[in-house]
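Please examine the sequence and the structure below before turning to the notes.

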Amino acid sequence: MIFIIIEILMLVAAITVVGLIIAIPFANIILMAAYRKLVYSHLDVDDDLSETN
């Protein structure tokens with residue numbers, strides 16, 4: 001779903017100059033947030049079994 005939003009933003013950026021100024025930073029922010037969530041998802045405290053023992 002996130003990648004569909006990024007593709008739409010890039011389409012708008014390719015059509016208009018204002019879209020280029022607005023869409024590319026937003027797409028980069030979305031990608032950074034998704035990457036951080038992916039990388040740090042293994043650090044979730046709820047999944048740590050050592051705390052329940």
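A residue is called buried when its relative accessible area is under 20%, exposed when the value is over 50%, and partly exposed in between. I30 has a relative accessibility of 25%, and therefore I30 counts as partly exposed. The model discussed here is predicted.

**The chain as a whole**

- The secondary structure of the protein chain consists of two helices and zero strands.
- The chain has 53 residues, of which 9% count as buried.
- The chain exposes about 4800 Å², and carbon and sulfur atoms account for 72% of that area.

**How the two helices are arranged**

- Helix α1 covers residues 2-15, and helix α2 covers residues 17-40.
- The axes of α1 and α2 come within 7 Å of each other and cross at roughly 160 degrees.
- Angles over 145 degrees count as roughly antiparallel, so α1 is roughly antiparallel to α2.
- The crossing of the helices α1 and α2 is left-handed.

**The contact between the helices**

- On the side of α1, the contact is made by I2, F3, I5, I6, L9, M10, V12, A13 and I15.
- On the side of α2, the residues that meet them are V17, G19, L20, A23, I24, F26, A27, I30, L31 and A34.
- The residues of this contact divide into 18 nonpolar, one polar and no charged.

**Residue I30 in α2**

- I30 is placed in helix α2.
- Which residues does I30 contact, leaving aside its neighbours within four places in sequence? They are I2, I5, I6 and L9.
- The C-alpha atoms of I30 and I5 are separated by 9.1 Å, while the two residues are 25 residues apart along the chain.

**Residue L9 in α1**

- L9 is found in helix α1.
- L9 has a relative accessible area of 21%, and L9 is therefore partly exposed.
- When residues up to four places away in sequence are not counted, L9 touches A23, F26, A27 and I30.
- L9 and I24 are 15 residues apart in sequence, and their C-alpha atoms are 7.3 Å apart in space.

**Residue V12 in α1**

- V12 lies in helix α1.
- Is V12 buried, exposed or partly exposed? V12 has a relative accessible area of 40%, so V12 is partly exposed.
- V12 and I24 are twelve residues apart along the chain, and 9.6 Å separates their C-alpha atoms.

Definitions and conventions:
Residues numbered from 1 in each chain as written. Predicted model: local features only at pLDDT ≥ 70, side-chain atom pairs only at ≥ 80, totals over all residues. Heavy atoms only, no water. Axes fitted to C-alpha atoms, helices over the stretch in contact; angles between N-to-C directions. Helix = DSSP H or I, 4+ residues; strand = E, 2+ residues; numbered from the N terminus. Parallel < 35°, antiparallel > 145°, perpendicular 65-115°, else oblique. Left-handed = near helix turned anticlockwise from the far one by under 90°. Contact = heavy atoms within 4.5 Å. Nonpolar A, V, L, I, M, F, W, Y, C, P; charged D, E, K, R; others polar. Buried < 20%, exposed > 50% of the residue type's maximum accessible area, 1.4 Å probe, protein only. Areas by Shrake-Rupley, 256 points an atom, 1.4 Å probe, with all protein chains shown as cover.
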